[in-house]
Amino acid sequence: MTMATVQDTPPLIRTKGARAGKAGAVPDTASKGLPTAVWRIVIPLAMLVLLIGGWAFYVWAFDVPHYILPSPLRVAEALYTDWPILAPALLVTLKITFTALAIALAGGVALAVLMAQSRIAELALYPYAVVLQVTPIVAIAPLILIYAPSTQAALLICAWIVAFFPILSNTVQGLKSTDHNLLNLFELYGASRWQTLIYLKMPNALPYFLAGLKIAGGLALIAAVVAEFAAGSAGAGSGLAFRLLESQFRLNIPRLFAALFLLSLTGVAIFLTTNTISYLLLRKWHESALKREN
Amino acid sequence: MMAEPRQAGLRPIANTAGSLGAKRIGQVNTTPRFQEETARSQPVASTLVSLQNVSKTFANGTIALRDMSLDIAQGDFVSLLGPSGCGKSTALRIIAGLGDASAGEVMWPSSARTGEDTSNGAGTNQDISFVFQEPTLMPWASVFSNVYLPLRLKGLSKQAARDDVMGALEMVGLEGFAKSYPRELSGGMKMRVSIARALVTKPKLLLMDEPFAALDEITRFKLNNDLLHLWEAFGWTVIFVTHSVFESVYLSNRIIVMAARPGRVVEDIPIDAPYPREEEFRTSDTYNDFCRRASQALHGAMEVSEPA
């Protein structure tokens, strides 16, 4: 972070000086003459190399035992050799996360529309949605385990509860924050409730919904992991969280790191996907997806 | 510009009584000519819309309008001029059907809707278009889709509406920007899109609520001229709410001056200058005379308005 700031500052100052002093055009470059686009890739990569290098060096220099902290190489090795164990677990976690997210999406949007269209529905349902949301999922998980037909279903329900709320509350907010003059305009042209919803409220709620989706995507994964910790599933059909715990018990720390790496990777993939979806849908009109022109 | 020049004096004006000069009106009530029983029960044929003793009290007790009576003749360009809080926007919204009057009636003598269908009847009237102070465009929709909106809500397909939409865009000089998004346009261009959207339904009555107030003067002058040309060519009725004496004199053939708290009509000034009015009109003596008169009326209105 500090590096980026240091690299960014000098050309900024120079450009301003050049404009004032008419010293000619100063290209958009960092202090060492490389375009900023290159720096944007080089700096994070250098950081990555530095971190992993530092980690590897630390393990090597202080002779840290691998059951305390394995070297990056050992983690990579574990990822490769334990892949037959980790891959099915990853698949389970992915399945839970994305199914929960999909149901949360459909349910959250449907309920949000219902609440925005009907004051009675909102008064009846919203408080309980809030209660469901603010109660820690770890606390409800044991109960859900009792009632759910299977552990998988229990995990799914947990992940769904957590992912559901940001989508619901954001979409409700978006549906309600429609410009009053536009609502007047629709009324003036005799638009039906349905038309107002489809042509005005829904598009207006899109940026809010997408912000909710970004949060929900990350939360669904977290909830899938936390729920599995709480549920403590075992054997066949268990996800990455179980493999994490199992590795810890067996002091198989390289595998634990490998599982952790896969979880992080999943999180990053979800983040990138939701961000890309958001960008693609909003790039033509919404401030969040536009470049500032100055 | 395409139609033959119109002259205020030649056009049928329902309320000729007021055309000889501005009438000072009593502080509490309206001018006598609005109260003639004949005019109230049987509005003249050319009257498009008639407000009869319309009052509006908001939920918080504010009296936005008290006993406002006003006949708008077909083809007129009427400005509602007054200080903030005089209820001119409220009156416009009531005419549009966007809010009910607390008392009184809005009547549409020339259309099928009369009598029983009064205060809120215009809500679904496709003959009315409204231009807000803000462009009020949907930021996610292209210029084309924004202008297409009123027709889309009527159930017209994109194909069926294309000619009308492009025609409306052409009228405001934006035919080359159909695919642009509102954020890519300047303030003046956004307002043009807003006007095109209002015109696409070919309205009989155009209601404009300080449409140019947020624009710079140069852009405003340009849009004033374009609006006048369109009005001359197509002959709609326009009710134009404004704060600006100069704008109201330049555009309209009749200025209704209103006072605030409670909102009411205090003066009715016919602007008998001929159309077409071009830039030279802005520097003419006639224009200055009218401006002086409207200014004095506005000052009078502000004196009788309770302090803000």
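Me: In which loop of chain A is the place of A:D63?
Reply: Keep in mind that we're looking at a predicted model. A:D63 isn't a glycine, yet its phi is positive, at about 55 degrees. Its place in chain A is the loop between helix 2 (36–61) and helix 3 (72–81).

Me: Is A:D63 buried or exposed?
Reply: Let's count neighbours. A:D63 has 6 other C-beta atoms within 10 Å, so A:D63 is exposed.

Me: And B:N53, how does that one count?
Reply: B:N53 is in strand 2 (residues 47–57) of chain B, and its phi is positive too, near 50 degrees, though it's a residue other than glycine. B:N53 has 18 C-beta neighbours inside 10 Å, so it counts as partly exposed.

Me: Why is helix 3 of chain B largely enclosed by the rest of the structure, and how many of its residues are buried?
Reply: Helix 3 of chain B covers residues 88–96. Its buried residues include B:K88 and B:R93, along with B:L92 and B:I94. Helix 3 of chain B is largely enclosed because its buried residues number nine of the nine.

Me: Which residue follows helix 3 of chain B, and what is its phi near?
Reply: Step past the end of helix 3 in chain B and you get to B:G97. Phi of B:G97 is positive, near 85 degrees.

Me: Which residue does a cis peptide bond join to B:P262?
Reply: Most peptide bonds are trans. B:P262 sits in the loop between strand 9 (254–259) and strand 10 (264–270) of chain B. Omega of its cis bond is about -10 degrees, and the partner is B:R261.

Me: What is omega for the cis peptide bond that joins B:Y275 and B:P276?
Reply: You'll find B:P276 in the loop between strand 10 and helix 9 (285–304) of chain B. The cis bond joins B:P276 to B:Y275, with an omega of about -5 degrees.

Me: How many residues does the contact take from chain B, and how many of them are nonpolar?
Reply: The contact takes 14 residues from chain A and 16 residues from chain B. On the chain B side, strand 6 (128–131) and helix 4 (143–153) each supply at least two residues. That side divides into two charged, three polar and 11 nonpolar.

Definitions and conventions. Residues are numbered from 1 along each chain as its sequence is written. Chains are lettered from A and ligands numbered from 1 in the order in which they are written. This is a predicted model: local features need pLDDT of at least 70, side-chain atom pairs count only at pLDDT 80 or more; totals for chains, interfaces and linings use all residues. Two residues are in contact if their C-beta atoms, placed from the backbone, lie within 7 Å. Helices (H or I, at least four residues) and strands (E, at least two) are DSSP runs, numbered from the N terminus. Ala, Val, Leu, Ile, Met, Phe, Trp, Tyr, Cys and Pro count as nonpolar, Asp, Glu, Lys and Arg as charged, and the others, Gly among them, as polar. A residue is buried if 20 or more other C-beta atoms lie within 10 Å of its own, exposed if 12 or fewer, and partly exposed in between; C-beta atoms are placed from the backbone.
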